[in-house]
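These are my notebook entries, written while I looked through one structure feature by feature.

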Amino acid sequence: MAKVIVIGGGPAGMMAAIAAAEKHEVILIEKNEKLGKKLFITGKGRCNVTNAKDIGEFFDFIPGNPEFLYSSLYGYTNEDVIDFFNNLKVPLKIERGDRVFPKSDKSSDIINALEKELFKKNVRIVLYTQVKDMVLVNNKIISIKTIDNKELKGDYFIIATGGLSYPQTGSTGDGFKLAKKVGHKVTLLKPSLVPIETNEQWVKDLQGLALKNVELTIKNNKKKNIYKEFGEMIFTHFGISGPIVLSASRFIKDNEKFYAVINLKPALLPEELDKRIQKDFSKYINKDFKNSLEELLPKKLINIIIKLSGIPETKKVNSITKEERKALCYLLQNLTLEVKGLRPLKEAIVTAGGINVKEIDPSSMKSKIIENLYFAGEVIDVDAYTGGYNIQIAFSTGYLAGKMVGEK
Ligand SMILES: Cc1cc2nc3c(=O)[nH]c(=O)nc-3n(C[C@H](O)[C@H](O)[C@H](O)COP(=O)(O)OP(=O)(O)OC[C@H]3O[C@@H](n4cnc5c(N)ncnc54)[C@H](O)[C@@H]3O)c2cc1C
């Protein structure tokens, strides 16, 4: 029986340990006091554990190296994940956008089920232990060294240490350092699924305002659309956040100018919106402009739109010109913010970039450089949008690494 050492007790490491334990003696090393600290806070504590879409559709939601994940996602699918938890008596449910959650709405149920399976498979769990080094002899790792200078020998090693986001959960980029030391390349590490900072001062006044059913377009300096999505967003003290903003962040690059354009009324064509405003205006014909938008916009937004429209707030509705009304329509469908940049990596949901996929065999997760080393999860240069895809990637790559470890 070979000895497999899995470094990192997140979803990728736990699944890798469970799969490897079918054939091997497995030790799972985690630096925190417990397993799955990040998993615990996922999906706002509810854990969006996977997505119910056909697995073939997953690749449309994976901007970071989707083709690398074909074998792992088809080899251990969302249905396998759903069966896995059902068998462990954790019933799941499907919500909007095909997102899958535990019926209990408790991420702790997911973690407990994984722990139960680890115990059942006799995986030795070592907590409070940070791996700081790997000892390499003749292109083979023979042992790992912990922060308190203990050495642990093994036959095979799986790095599942996560990325660099939310470092308080344990993912502080150790895996990148370990892999670099043994000759692997790490691609540029960038925040993804992260809020966007904008330059306009007025966003501060909108802090906390959540908008549903809006459309967000990211345009570059040449006014070319590079991202468009319909859904929910929220204003913050520094700019914008929420599901469609987080996904948009994947397309914002350094040293380029971008604009976030919000369509507050995406269901209406411009002429339909104009008609709608005319209807409101005829109702409030003798009122001031500032008192005519209540039915059209959330309260918090009215003052801002009035300021940006350039129409004096005390102007009587009956004297607003057609040009002014048309400009108002345009503004409502093109509320434009200048992107200042992204919030830092530590605030990102995932890390884009990681161990170069060219140096990992996609059919086994095995290193192409070191013969007894494997990778799983976010430490690899792969990343997906929100919707349960990232945890599925962690499970699928973890399962494949665990299943293939030691295979010729
Ligand atoms: C706030 C938030 C919400 C999210 N919600 C969702 C969601 O609902 N659905 C979804 O699909 N994705 C979600 N994600 C993303 C998802 O959590 C990650 O993609 C996933 O956890 C990655 O799994 P992993 O096992 O690769 O890494 P991690 O979960 O980061 O686990 C890595 C583990 O390795 C340990 N470790 C690191 N270095 C060492 C070392 N040197 N020695 C020993 N142990 C070490 C860490 O302590 C950690 O426990 C969310 C992320 C965040 C931050």
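**Entry 1: terms and ground rules**

Before I look at any strands, I note that two strands pair if DSSP finds at least two bridges between them. Helices (H or I, at least four residues) and strands (E, at least two) are DSSP runs, numbered from the N terminus. I keep in mind that this is a predicted model, in which local features need pLDDT of at least 70 and side-chain atom pairs count only at pLDDT 80 or more, while totals for chains, interfaces and linings use all residues. Residues are numbered from 1 along each chain as its sequence is written, and side-chain values use heavy atoms, with hydrogens and water left out.

**Entry 2**

Strand β4 (residues 92–95) is joined to β5 by four bridges, and the two run antiparallel. I also looked at the turn: β4 and β5 form a hairpin with three residues between them, and G97 in that turn has a positive phi of about 75°.

Which strand does β5 pair with over two bridges? I found that strand β3 (residues 50–51) pairs with β5 (residues 99–102) in the antiparallel sense, and that N51 stands opposite R99. Put together, the three strands form an open sheet in the order β3-β5-β4, with antiparallel pairing. The edge strands are β3 and β4, each of which pairs on one side only.

For the next entries I need the burial classes: buried means under 20% relative accessible area, exposed over 50%, and partly exposed in between (1.4 Å probe, protein chains only). In helix α4 (residues 78–87), I listed N78, V81, F84 and F85 as buried. These residues lie on the same side of α4, because they cover an arc of only 120° around the axis, where the arc is that of the directions from the helix axis to the C-beta atoms. On the other side of α4, I found E79 and N87 exposed.

**Entry 2: single residues**

I looked up A179, which has its place in helix α6 (residues 174–181) and is buried, with a relative accessible area of 0%. A179 and M134 are 45 residues apart in sequence, yet their C-alpha atoms are 8.9 Å apart in space.

Is R343 buried or exposed? R343 counts as buried, at 18% relative accessibility, and its place is in the loop between β17 (335–342) and β18 (350–352). A polar contact is a pair of N or O atoms within 3.5 Å; within protein, one must be able to donate a hydrogen and the other to accept it, and residues adjacent in sequence count only if both atoms are side-chain atoms. By that rule the side chain of R343 makes a polar contact with the side chain of E197 at 2.9 Å, and another with the side chain of E347 at 3.0 Å.

I then turned to backbone angles. Most residues other than glycine have a negative phi. Y166 has a positive phi of about 50° although it is not a glycine; Y166 is found in the loop between β10 (156–159) and α6 and is partly exposed, with a relative accessible area of 27%. N65, in the loop between β3 and α3 (70–75), also has a positive phi, near 55°.

**Entry 3: the ligand**

A residue is near a molecule if one of its heavy atoms lies within 4 Å of it. Of the 35 residues around the ligand, E30, V131, D174, E378 and I391 come nearest. A backbone N or O atom of P11 lies 3.3 Å from an oxygen atom of the ligand, while for K31 a backbone N or O atom lies 3.2 Å from a ligand nitrogen atom.

**Entry 4: the whole chain**

Finally I stepped back and noted eleven helices and 21 strands in the chain. Of its 408 residues, 53% count as buried, and its C-alpha atoms fill a box of roughly 85 × 45 × 35 Å, taken along the principal axes.
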